[in-house]
Amino acid sequence: MNEDLDDPRLTAVGLFAEAYTGLMNRLAAQIEEHRLSQVEFEVLMRLARSPGSRLRMTDLAGQTTLSTSGVTRVVDRMERTGLVRREACPSDRRSSYAVITESGMQRLADVLPGHLELVQRWYVGLLPETKLTELLGSLRTIRDAVNPCATAGSAETALPAA
């Protein structure tokens with residue numbers, strides 16, 4: 001049993017979880033200062049970085065940690081506060097888009113300077129550029145394997161294959 005506890009796979013998962021949790025804790029307070037939850041911030045970022053600043057609701061669910069019903073609840077709440085709006089999908093009556101509004105873009109613009117400062121201090125600034133590039137490639141490999149829907153509807157999936 002003791003040999004199993006020293007398995008480097010456990011160390012890899014544990015270090016990743018500890019780093020992620022620590023980073024998210026550092027970022028959460030700054031995001032909340034702008035009257036946003038972490039998930040609302042993530043939704044705004046995903047929409048702002050998507051073609052046309054919009055995503056189908058199902059794609060937004062695939063890109064976040066939310067279920068389709070969870071995305072619906074978050075978008076409902078954000079729609080009430082004017083950060084996003086829904087648009088009907090012209091090609092599929094059953095689908096709708098979540099679209100970031102000007103108010104949502106402004107809230108994001110208010111959050112980003114402090115957010116980027118913290119990301120620099122507690123994440124990317126801790127690594128030399130070569131290690132950061134390697135880490136980003138590794139994280140994409142893992143993300144694509146464990147969450148193949150993570151880029152659904154994004155510019156990343158809209159690019160033609162090379």
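This is a short tour of the structure, stop by stop, with something to select at each one.

**Before you start**

You're looking at a predicted model, where local features need pLDDT of at least 70, side-chain atom pairs count only at pLDDT 80 or more, and totals for chains, interfaces and linings use all residues. Numbering starts from 1 along each chain as its sequence is written, and side-chain values use heavy atoms, with hydrogens and water left out.

**Stop 1: helix α2**

Select residues 8–32. That's helix α2, with 25 residues; helices here are DSSP runs of H or I with at least four residues, strands are runs of E with at least two, and both are numbered from the N terminus. From first C-alpha to last, α2 reaches 36 Å, close to the 36 Å expected at 1.5 Å a residue (the expected span is 1.5 Å times one less than the number of residues).

Now colour Leu23, Leu27, Ala28, Gln30 and Ile31, which are buried in α2. Buried means under 20% relative accessible area, exposed means over 50%, and partly exposed is in between, using a 1.4 Å probe and protein chains only. As you look at the spacing, keep in mind that an α-helix has 3.6 residues a turn, so residues three or four places apart point the same way. What covers these buried residues of α2? The cover includes α3 and α6.

**Stop 2**

Step into the loop between α2 and α3 and pick Arg35. Its phi is near 60°, a positive value in a residue other than glycine. Arg35 is exposed, with a relative accessible area of 62%.

**Stop 3: α3 against α5**

Show helix α3 (residues 38–48) together with helix α5 (residues 68–80). Their axes come within 11 Å and cross at roughly 85°; axes are lines fitted to C-alpha atoms, for helices over the stretch in contact, and angles run from 0 to 180 degrees between N-to-C directions. That makes α3 roughly perpendicular to α5. On this scale, under 35 degrees is roughly parallel, over 145 roughly antiparallel, 65 to 115 roughly perpendicular and the rest oblique.

For the contact itself (heavy atoms within 4.5 Å), select Val39, Glu40, Val43 and Leu44 on α3, then Val74, Arg77 and Met78 on α5. By class, this contact has five nonpolar, no polar and two charged residues. Ala, Val, Leu, Ile, Met, Phe, Trp, Tyr, Cys and Pro count as nonpolar, Asp, Glu, Lys and Arg as charged, and the others, Gly among them, as polar.

**Stop 4: α3 against α6**

Keep α3 on screen and bring in α6; the two pack at about 105° with their axes 10 Å apart. That makes α3 roughly perpendicular to α6.

Buried or exposed? Pro113 counts as exposed, at 54% relative accessibility.

**Stop 5: Ser53**

Jump to Ser53, in the loop between α3 and β1 (54–56). Here's another positive phi in a residue other than glycine, near 55°. Ser53 counts as partly exposed, at 21% relative accessibility. Draw a distance from Ser53 to Pro113: they're 60 residues apart in sequence and 20 Å apart in space, C-alpha to C-alpha.

**Stop 6**

Select Val99 in strand β3 (residues 96–100). Val99 is buried, with a relative accessible area of 4%. Leaving aside residues up to four places away in sequence, Val99 touches Leu47, Ser53, Arg54, Leu83, Val84, Arg85 and Glu87.

Next, pick Ser95, in the loop between β2 (84–88) and β3. Ser95 counts as buried at 14% relative accessibility.

**Last stop: the cysteines**

Stay with Cys89, which counts as buried at 6% relative accessibility. How far is its sulfur from the closest cysteine sulfur? The answer is 17 Å, to Cys149, too far for a bond. Cys149 counts as partly exposed, at 43%. A disulfide here is a pair of cysteine sulfur atoms within 2.5 Å, and by that rule the count comes to zero.
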